[in-house]
Amino acid sequence: METVFISTTILVATLFFLSQSLARGVGEMGAALKQIGLFILRKNPPGLVDLFDDKNGSGSRTWMNFGMLWFVFASVLGFLAAWHSYDPTALDSLASIGWSYDDGSSLRDATQHLLGVALLYGLVGGAMLAAARNGNGRLASEANASMMALLLSVMVVTSYVLPVILGFLGIDTEATGISRFLLSLETLAIGFILIPVLINVLITIAGRGDEELSTSSWFLVMALTSNIIAMFFLFFGELSSSTQTVWLGERVSTGWVPLALMFAVGYYVIPMVSNQPIWSGSMRTASMVLLFMTIPPFFMTDASASNFLTNVGAILLTLALIPLFAASVNIIMTASSGLSSVVKNPGATAALFAFVLLPFFAIGGYFTSMDAFVGTGELGA
């Protein structure tokens, strides 16, 4: 059997089991699991979590603040990359302080990486705020959420600083394969860091009582779970040289996860600000279910698979437009019912414009992704 089928089955089965647990509960085990989860969040590691503020909203705020910080760094690197692309000799004057660069690809890669980190921070922070308000008005442990945000940033900084230190020691990280190994460790570390975040969110929404599980909370849980599994896929796929597992992990982490987090924030901000219910329940269901059954048409790479797998992937890639259009139309129509309130709120206006632009981005992404997926490579520019 193809490795991608086994990996996909594990992923989908996990998400299905989790969705059923969210909908029906876990029975008498719920109280015990909650106590174990709270112990992990509030007492592990001993003493360290007590250093962080546990006030209402502090955890979500910390994630969003880190997101803005990393966005600034990504913007600076993006500017340098654009400048270097325009004039490759523009930064030569920095050679006296040890600056060196290749063809500019390292700057571009670092910009994309930090931009992804910034988006993860911002969207998770916003979605956690929505989940908290679907529960008791606060996260199960605001302090633990802040600690995980800090640990994630420490891990990102380490992934950049450590190769520099090894370079000063005369170790060629590229030639020895250390650079690739460090990248694999980074993905594994992200997976472990997100586990307490997921536990925090699950305990938070478990305290909602008789209130219905919100769409935003559902998307957040699915996004975190998918991201954790994707990180393990990437790590063990690289370890075992399983290209199909790595490919699936990349599709989940760059497709399902950011889109699910976008939907989580959008389905919370727009209805709340417009003071209107979600316009279409069927479109909401389509965006919730079909997103995790298709292949999003973004950041695609060559599948290098058999004809059968390529055909199945092409079909799923085409069907992926349905949840994107469904979410966009649903949120736009919800906003139109209370447009006067939406335009007065900067955050809601930004969210609305994001979902106005998403269909156009999806159409362009579909053609370029299909081109990359089948290995044609004619639309790369």
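Which residues of the largest nonpolar core touch the most other members? In this predicted model, in which local features require pLDDT of at least 70 and side-chain atom pairs count only at pLDDT 80 or more, while totals for chains, interfaces and linings use all residues, they are Trp63, Met128, Phe219, Phe263 and Phe292, out of 95 residues in that core. A nonpolar core is here a set of buried Ala, Val, Leu, Ile, Met, Phe, Trp, Tyr and Cys residues joined through side-chain atoms within 4.5 Å, where buried denotes under 20% relative accessible area, exposed over 50%, and partly exposed the range in between, with a 1.4 Å probe and protein chains only. Helix 9 supplies the largest share of this core, namely 17 residues. Residues are numbered from 1 along each chain as its sequence is written, and side-chain values use heavy atoms, with hydrogens and water left out.

As to the overall fold, the protein contains 14 helices and zero strands, helices (H or I, at least four residues) and strands (E, at least two) being DSSP runs numbered from the N terminus. The C-alpha trace spans about 60 × 50 × 50 Å along its principal axes. The radius of gyration, taken over C-alpha atoms, is 21 Å, which agrees with the value near 21 Å for a compact globule of 381 residues under the rule of 2.2 Å times the number of residues to the power 0.38. Of the 381 residues, 46% count as buried, and among contacts (heavy atoms within 4.5 Å) between residues at least 6 apart in sequence, 82% join residues at least 24 apart.

Ser287 lies in helix 10 (residues 281-290) and counts as buried because its relative accessibility is 0%; its C-alpha atom is separated by 8.2 Å from that of Phe325, 38 residues apart along the chain. Another serine, Ser242, is found in the loop between helix 8 (215-239) and helix 9 (243-274), is buried at 15% relative accessibility, and touches Thr3 and Gly237 beyond four places in sequence.

The structure holds two salt bridges, each defined by a side-chain nitrogen of Lys or Arg within 4 Å of a carboxyl oxygen of Asp or Glu. In one of them, the side chains of Arg138 and Asp54 meet at 3.1 Å, N to O; Arg138 lies in the loop between helix 4 (105-134) and helix 5, and Asp54 in the loop between helix 2 (29-43) and helix 3 (58-86), so the pair ties together parts that are 84 residues apart in sequence. Arg138 is partly exposed at 22%, as is Asp54 at 37%. Glu250 forms a salt bridge with Arg251, with the closest N and O atoms 3.7 Å apart; Glu250 is partly exposed at 27% relative accessibility, whereas Arg251 is buried at 5%.

Val161, found in helix 5 (residues 142-168), is partly exposed with a relative accessible area of 38%.
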